[in-house]
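Hello,

Here is the structure we discussed, with the sequence alongside. My notes on what was found follow below.

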Amino acid sequence: MAKVYSLIFGSRSSDRPSSYARDVAAVANTQVDWKETPEAHIFKANLPGLSKDEVKAQVEEGRVLQISGERRKEEATQGEKWHHVERVHGSFLRRFRLPENVKLEEVKAGMENGVLTVTVPKMQKPSAKTIDITCT
C-alpha cells in the first residue's frame, strides 16, 4: 500500500514517473474546450503560467487545428531544494479535425489570463434561391 501511495503522491524520489509519463501528463493536463456557435467554432485552452511566445496555434493540411507548446522545468539554483513537485513540465500537443464548413483563412487566436482562445469562423450556408417558373 505504501508503494501505491508513494507512486500516486510522489513521496519518494525513486518513485518519480518516467519522462514519458511526464510528457503524457503534460498532454493530458492541457485542457481544451470546443464550442460551436452559429458563427464559429471556438477553442479555449487552459495554459496557466505560459506566455503567448511559448504557445503555437496553427492549422495543418486536412483542416487540423494544432495547439502546442512547452512548459519549461523550473531549475533550483544553488542553496535551493525542491520538496514536492506536482506541476507538469514538458511539451504538449493537442489536435482537432475541423469540419468542412470553416474559413481557414480567417482563424484568429488570442491569449488572456492563461487562456488561449482560437476562433475558427464558419461559412454561412447559402440562402435558398427562388426560381421563377414560366409557362410556355
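Thr30 is buried, with a relative accessible area of 0%. Please keep in mind that this is a predicted model. Thr30 sits in the loop that runs between α2 (19-28) and β1 (32-36). Apart from residues up to four places away in sequence, Thr30 touches Leu47, Arg71, Phe92 and Arg94.

Strand β7 (residues 115-121) pairs with two strands named here. With β6 (residues 108-112), β7 pairs in the antiparallel sense over 5 bridges, and Ala109 stands opposite Val118. β6 and β7 form a hairpin that leaves 2 residues between them. In that turn, Asn113 has a positive phi of about 50°.

**The open sheet**

A sheet of 3 strands, open and antiparallel, has the order β3-β4-β5. β3 and β5 stand at its edges with a single partner strand each, so one side of each has no neighbour in the sheet. The twist from one strand to the next averages 15°. Between β3 and β4 there are 6 bridges, and Ala57 has Ile67 in β4 as its bridge partner.

Gln58 is in strand β3 (residues 55-60) and is partly exposed, at 26% relative accessible area. Leaving aside neighbours within four places in sequence, Gln58 is in contact with Val64, Leu65 and Gln66. The side chain of Gln58 also makes a polar contact of 3.4 Å with that of Lys56. Gln58 and Val118 are 60 residues apart along the chain, and their C-alpha atoms are separated by 9.7 Å.

**The nonpolar core**

Which residues touch the most other members of the largest nonpolar core? In this core of 15 residues they are Phe43, Leu47, Leu116 and Val118. β2, β4 (64-71), β5 (90-97) and β7 each supply at least two residues of the core, and β7 gives the most, with 3 residues.

Val118 has a list of contacts beyond four places in sequence, including His41, Ile42, Phe43, Ala57, Leu65 and Ile67. Val107, Lys108 and Ala109 are also among them.

**Salt bridges**

The structure holds 3 salt bridges.

- Glu36 and Lys122: the closest N and O atoms are 2.6 Å apart. Glu36 lies in strand β1 and Lys122 in the segment after β7, so the pair ties together parts that are 86 residues apart in sequence. Lys122 counts as buried, at 11% relative accessibility.
- Glu54 and Arg72: their side chains meet at 3.2 Å, N to O. Glu54 is in the loop between β2 and β3, and Arg72 is in the loop between β4 and β5, 18 residues apart. Glu54 counts as partly exposed at 24% relative accessibility, whereas Arg72 is exposed, with a relative accessible area of 58%.
- Glu60 and Arg95: their side chains meet at 3.8 Å, N to O. Because Glu60 lies in strand β3 and Arg95 in strand β5, the pair ties together parts that are 35 residues apart in sequence. Glu60 counts as partly exposed, at 28% relative accessibility.

Regards

Technical notes. Residues are numbered from 1 along each chain as its sequence is written. This is a predicted model: local features need pLDDT of at least 70, side-chain atom pairs count only at pLDDT 80 or more; totals for chains, interfaces and linings use all residues. Side-chain values use heavy atoms; hydrogens and water are left out. Two strands pair if DSSP finds at least two bridges between them. Helices (H or I, at least four residues) and strands (E, at least two) are DSSP runs, numbered from the N terminus. Buried means under 20% relative accessible area, exposed over 50%, partly exposed in between (1.4 Å probe, protein chains only). Contact means heavy atoms within 4.5 Å. A polar contact is a pair of N or O atoms within 3.5 Å; within protein, one must be able to donate a hydrogen and the other to accept it, and residues adjacent in sequence count only if both atoms are side-chain atoms. A nonpolar core is a set of buried Ala, Val, Leu, Ile, Met, Phe, Trp, Tyr and Cys residues joined through side-chain atoms within 4.5 Å. Axes are lines fitted to C-alpha atoms, for helices over the stretch in contact, and angles run from 0 to 180 degrees between N-to-C directions. A salt bridge is a side-chain nitrogen of Lys or Arg within 4 Å of a carboxyl oxygen of Asp or Glu.
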